[in-house]
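Dear colleague,

I am passing the structure on to you below, together with some notes on its aromatic rings and their surroundings. Please read them with the model open beside you.

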Amino acid sequence: TIDIPQSTLTLTHAGNDDVLTLSSSLIDAELKGKLNLSQLNHELFSAFNKVFPAIQLPYTQREQVNKNVSSQFSYQVKTKELTHFLAIFIPDLMIAPNSNFYGSIDAKNKLLKNTLNSPYIGFQGIDFYGININNEFNQDRLHSIFTINTLKINDSIQLEKLQFNTNGQSNHFESSISWNPNTVNASNISWETNFLEDYHINFLLNPSYFSLNNQKWTIAKASDFTVTPYETHISTLKIERGNQSISADGCLSSNESDKISCRFKNLNLQELGLMLGSPYGLEGTFNGWAAISNTGNHLNYMGDGRITNLFIDNREVGDIFVQSEWNDKLKHVILQGDLAFRGNQTFAFNGGYFFERTKDNLDFELNFKEMDLGFSNAFMDPDILNTISGKIDGKLRLKGTVNEPNIMGSLNLRN
């Protein structure tokens, strides 16, 4: 059953202002002033085009705004208990009572302000505590400040005193995001954005640094990004930590020869696991590359990666090599690789996954050669199964679907 919330809507006049008030068990809201609904969209687009003249939304190019009857009003919305209401319509969203959204619009002077204050908002494992957001359009200038006291992501990453700032006018904006100031996890990333003609957008990422769970990475040199309706360019992006690095460079377009290349060098899995809050104790080193291209409006990917000296919860796994390729036109990912334990190949796989097939999405050949099963204990619940040992030999063919796999072949298990 759905309970319809009780509500009262009143319209009154106070001097030259209209006052529209809504009172309900879910929210209280008030709008006060003069609201011209017939041209509000045009007024908002006109204010937007003053700040972003290179974009020029076409709405205001075709319509003339009557400035004698411009909208000028303030508004406020305050939440009450929304848990049961959101559980029906947006079950992943949670908004705390006493969240307050308010602002004002003065269309004639192109002045728009809005503020959001909330003790808590959560969505799909991301939790925001102590939210304060302020935006202001003033003639041709935009200024925004977002502050969040605490941000939690899936209980593995927690950021304190997160702040986002952007300020600029006439197509040029300077922005930054920071968190955990004056701590070991202090981070500050800054960039400039330029909106150019023909819907070209340019980003200049300044030298910056960021840290998650005591793992600090730096962007030592400025890098450049350009996005157009037809191409995406990345120039000299490199993120570093000691001898570890992640880099990207290139162009993505309809030209088959264009590609964006990424390289991963000496990534320490133990540090990455700590940074990302992995539930497993990882050790090892990852090196690899990837290339992304566009063929006939189909995004394609290929790459390979190697993990050396992999340990999971102090259990030796070995060296893993994986080659992968994604064909967007066929919606097919190809995977092949092997596992070597102390220099001897013990497992190899070759096959792929077809995303749009109605059956037999999986198609893999699996080859085992004295593969030690001990490492799988790291993934088991010790209260259910805590000691797996032995070695397996044989070949399997894996078909079917993820929910209903079809495995054919035979394996020999020995101590």
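An aromatic pair here means rings of Phe, Tyr and Trp (its six-membered ring) whose centres lie within 6.5 Å, counted as stacked when the planes are under 30 degrees apart, as edge-to-face when over 60, and as tilted for the rest. Phe73, Tyr75 and Phe101 together form one aromatic cluster.

Please bear in mind that this is a predicted model, in which local features need pLDDT of at least 70 and side-chain atom pairs count only at pLDDT 80 or more, while totals for chains, interfaces and linings use all residues. Residues are numbered from 1 along each chain as its sequence is written, and side-chain values use heavy atoms, with hydrogens and water left out.

Searching the whole structure gives twelve aromatic pairs. One of them joins Phe85 and Phe89, a tilted pair with 5.0 Å from centre to centre and 45° between the planes. These two residues are four apart in helix 3 (residues 83-89), so about one helical turn separates them; helices are DSSP runs (H or I, at least four residues), numbered from the N terminus. Phe85 is partly exposed, at 36% relative accessible area, whereas Phe89 is exposed, at 52% (buried is under 20%, exposed over 50%, and partly exposed in between, with a 1.4 Å probe and protein chains only).

Two rings carry a charge over the face, meaning NZ of Lys or CZ of Arg within 6 Å of the ring centre and within 35 degrees of the ring normal: Lys216 lies over Tyr209 at 4.8 Å from the ring centre, and Arg357 over Phe354 at 3.5 Å.
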